[in-house]
Amino acid sequence: MIKITICKGLAERSTSHTFNPSIHPLTLSLSLSLYLSPPPPTTASGAHRPQMSPLLLLLLLVSVPFGLPFVFPPPPRPSSVSLPSSTDPNPSPLPSSRSAPPAVRDVDTQVSFLQALEEAARREQVVVVKFYAKWCKSCQAFNKKYSRLPSLHPSVSFLSVEYSSLPRLCKSLGVTHLPTVQMYKGRRGRVRHFSCSPKRFNVVEEEIERVKEGG
């Protein structure tokens, strides 16, 4: 520990002294490292309390009375800096870009049925319509096989109409037996109309292939 004592005579002499840089070209530049300072004391809470180094205090007291410039030392630089890693060890999975598989579209209004046919006509697309009823046991077995058709024929639009929801539409289209299948192709309109049981479901698949080929 360094003890600093300033004589009274030196203090009185320094007050009457006038420093003229033009006569005495004296320049003092001090650049000291803070590493020369002892470790700062800590408070009761563990926080560091700032304290000036005794050597720096001595230089400051000596240079100020004589008008000498005093340069404070630069802050210490860390020897190494640890940057956060840019790679995540457990990256979150990216959303899949695959589209949803095609499925049967349920039609519950006459307007949506006509819109589906108009859209297919503009695209020259094949449309297959299944007419069924919830209370029909034969229709339930037929529906299980019909639901697999969209994945086998992705270019074909498959619709499903429940007879009890649209009885007028079904009657206007000539549906008298359940289940009934109708097929439409582009601007040609309806090209197939037949009733089919689950045991003869292969007929539906055969007719789809014929209509797609132009029949």
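Visitor: In which sense do E4 and strand E5 pair, and over how many bridges?
Guide: The model is predicted. In it, strand E5 covers residues 189-195, and one of its bridges joins Gly 189 to Lys 185. E4 and E5 pair in the antiparallel sense, over six bridges.

Visitor: Which residue in the hairpin of E4 and E5 takes a positive phi?
Guide: The hairpin has three residues between the strands. A positive phi near 50° is found there at Gly 186.

Visitor: Which residue in E4 does Val 127 stand opposite?
Guide: Strand E2, residues 126-132, pairs with E4 in the antiparallel sense over six bridges. Val 127 stands opposite a residue of E4, namely Tyr 184.

Visitor: How many of the residues of strand E4 are buried?
Guide: Thr 180, Gln 182 and Tyr 184 point one way from E4, and Val 181, Met 183 and Lys 185 point the other way. Residues on both sides are buried. The count for strand E4, residues 180-185, is therefore six of six, where buried means under 20% relative accessible area.

Visitor: Which residue forms a salt bridge with Glu 124?
Guide: The closest N and O atoms of the pair are 3.9 Å apart, and the partner is Arg 187. The pair links distant parts of the chain, with Glu 124 in the loop between H3 and E2 and the partner in the loop between E4 and E5.

Visitor: About how far along helix H3 are Arg 123 and Glu 119 separated?
Guide: Their side chains meet in a salt bridge, 3.0 Å from N to O. Arg 123 is exposed at 58% relative accessible area, and Glu 119 is partly exposed at 28%. Because the two are four residues apart in helix H3, the separation is about one helical turn.

Visitor: What charge does the surface patch with Glu 213 have?
Guide: Glu 213 lies in helix H7, residues 202-213, and counts as exposed because its relative accessibility is 68%. Glu 213 gathers with Glu 205, Glu 206 and Glu 209 in a surface patch whose charge is negative.

Methods. Residues are numbered from 1 along each chain as its sequence is written. This is a predicted model: local features need pLDDT of at least 70, side-chain atom pairs count only at pLDDT 80 or more; totals for chains, interfaces and linings use all residues. Side-chain values use heavy atoms; hydrogens and water are left out. Patches are made of residues with over 30% relative accessible area and no salt bridge: like charges are joined within 9 Å, nonpolar side chains (Val, Leu, Ile, Met, Phe, Trp, Tyr) within 5 Å. Accessible areas come from the Shrake-Rupley method with a 1.4 Å probe; for residues, only the protein chains shown count as cover. A salt bridge is a side-chain nitrogen of Lys or Arg within 4 Å of a carboxyl oxygen of Asp or Glu. Lys and Arg count as positive and Asp and Glu as negative; His and the chain ends are not counted. The place of a charge is taken as NZ of Lys, CZ of Arg, CG of Asp or CD of Glu. Buried means under 20% relative accessible area, exposed over 50%, partly exposed in between (1.4 Å probe, protein chains only). Two strands pair if DSSP finds at least two bridges between them.
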